[in-house]
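Subject: Structure for your pocket work

Hi,

Please take a look at the structure below. My notes follow it.

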Amino acid sequence: MPVITVANGTTLAYETFGPANGKPLVLIEGLTAQMIKWRVEYCELLVAAGFYVIRFDNRDVGQSQKFPEETYFLSDMAEDTIGLIEALDLAPCHIMGQSMGGMIAQIVAATRPELVASLDLVYTTASVRFLLAPAADRDITSGRSTPSRDDAIEEYVAGEYVCRSAAYPQDLDFLREIGGQAFDRDPLKAGNARQSYAVFNSPDRAELAARITAPTLILAGDSDLLIDFHASEELHELIPGSTLRIFPGMGHEIPQPLWAEVIAAVTDKAAQADLRDRKAHV
């Protein structure tokens, strides 16, 4: 798997899907999640929709650089993402961030608008006010190592239970597979606690969100147990011209039965960005 050291000195592991002449789409994962949680099949569907897909491990998880004994914030993680976009010459690119990844994406879009063609914010928030109790009370954020691969798989599945959707069954086979792969790639998990600190101690982003100018799609589910979906309604109010979709029965995950709708919405927002760009150059 390729790695790259970006401008601020962070080394990130990443993977690409599709031809490089597609529309670049950077996927940013959530708290403690490795890039492999963006399912290969989902990435391939995005490629079929015309995107050149880039997924990567955020700092401190997976195969990206670890930061022992350091405190950092979401703004530092945003600088990592900015560095990746610039180092891979992706700008202006489309960005899709879920949960913590959406928080990072807000900072990127607000502070470096020239890098972002369109923005997709998935069950995320501009404020810790909308983080529900289970978001903080999760073993997965403790940074505690798991003694064996089998234990890690069961712990991963248990940790994902709080992400479940009311209207869609979880794909337990996939979760077990990813839980095993996550252990193989990063068995110590020491970065989980440091990422959690960044989420709960970074400044609110309401003022930043109001500065976002990229065409923005906001997606959430009304059965999310980690982030109150009203956070997405607030983001919609803050970001001028944004589009909001609330999916009934969806939790803190994108269930496979909704992939087609989600990808269609992402594609439409990218097309809106392309149209805006063409008009700007007329």
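Proline 24 stands opposite tyrosine 52 in strand S4. The model is predicted: local features need pLDDT of at least 70, side-chain atom pairs count only at pLDDT 80 or more, and totals for chains, interfaces and linings use all residues. Numbering starts from 1 along each chain as its sequence is written, and side-chain values use heavy atoms, with hydrogens and water left out.

S3 and S4 (residues 51-56) pair in the parallel sense over five bridges; strands are DSSP runs (E, at least two residues), helices likewise (H or I, at least four), numbered from the N terminus. Pairing takes at least two DSSP bridges. Between S3 and S4 the chain passes through helix H1 (residues 40-48), in a right-handed β-α-β crossover (clockwise from the first strand over the helix to the second, strands pointing away from the viewer).

S3 also runs parallel to S5 (residues 93-98), with four bridges. There, glycine 97 is the bridge partner of isoleucine 28.

Now the second largest pocket. Its space is about 260 Å³. A pocket here is an open set of 1 Å grid points, over the protein atoms alone, where a 1.4 Å probe fits, with protein on both sides within 12 Å along at least five of seven lines; lining residues have an atom within 4 Å of a point. The volume is the space filled by probe spheres set on the points, joined across faces, edges and corners. Lining residues include Lys23, Pro24 and His94. H10 gives the largest share, four residues.

Regards
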